[in-house]
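Okay, everyone, thanks for coming. Let's take a look at this one together, starting with the overall fold and then zooming in on one residue.

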Amino acid sequence: QVQLVESGGGLVQAGGSLRLSCGASGRTMRAYAMGWFRQAPGKEREFVARITWSGGSTYYADSVKGRFTISSEYAKNTVYLQMNSLKPEDTAVYYCARQGVAGADFGSWGQGTQVTVSS
């Protein structure tokens, strides 16, 4: 069983930056793709970004395109989310998850890391 662990969250002013990391304990988390999601208070969890392990193909939600960058470091079995030009509406708990094969649901959710952006 793969367990994912997110880190790097915190409190930042609007316009600032944070970098989130997602590592794995247990078996390797390498799969088809890794994704970042977020859930704001009172809202449903939403997709943020995805990267495939093979080829590094990326895909972003429109709300973060041009501001966030997802990347992976194969040797460290780690995925990152660089978040720039943060806005108060980016405030949420951020989760990483694993997609075993193309088209499958994401799973192996981490515990999340809180990101709070003050205005």
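So, the chain has zero helices and 11 strands; helices (H or I, at least four residues) and strands (E, at least two) are DSSP runs, numbered from the N terminus. The radius of gyration is 13 Å, close to the 14 Å from the globule rule for 119 residues, so the chain is as compact as a globular protein of that length. That radius is taken over C-alpha atoms, and the rule is 2.2 Å times the number of residues to the power 0.38.

Before I go on: this is a predicted model, where local features need pLDDT of at least 70 and side-chain atom pairs count only at pLDDT 80 or more, while totals for chains, interfaces and linings use all residues. Residues are numbered from 1 along each chain as its sequence is written, and side-chain values use heavy atoms, leaving out hydrogens and water.

How much of the chain is buried? Buried residues make up 44% of the 119; buried means under 20% relative accessible area, exposed over 50%, partly exposed in between, with a 1.4 Å probe and protein chains only.

Now find Asp-90, in the loop between β8 (78-83) and β9 (92-99). Is Asp-90 buried or exposed? Its relative accessibility is 1%, so it counts as buried. Leaving aside residues up to four places away in sequence, Asp-90 touches Arg-38, Arg-67, Phe-68, Ser-85, Val-115 and Val-117, where a contact means heavy atoms within 4.5 Å.
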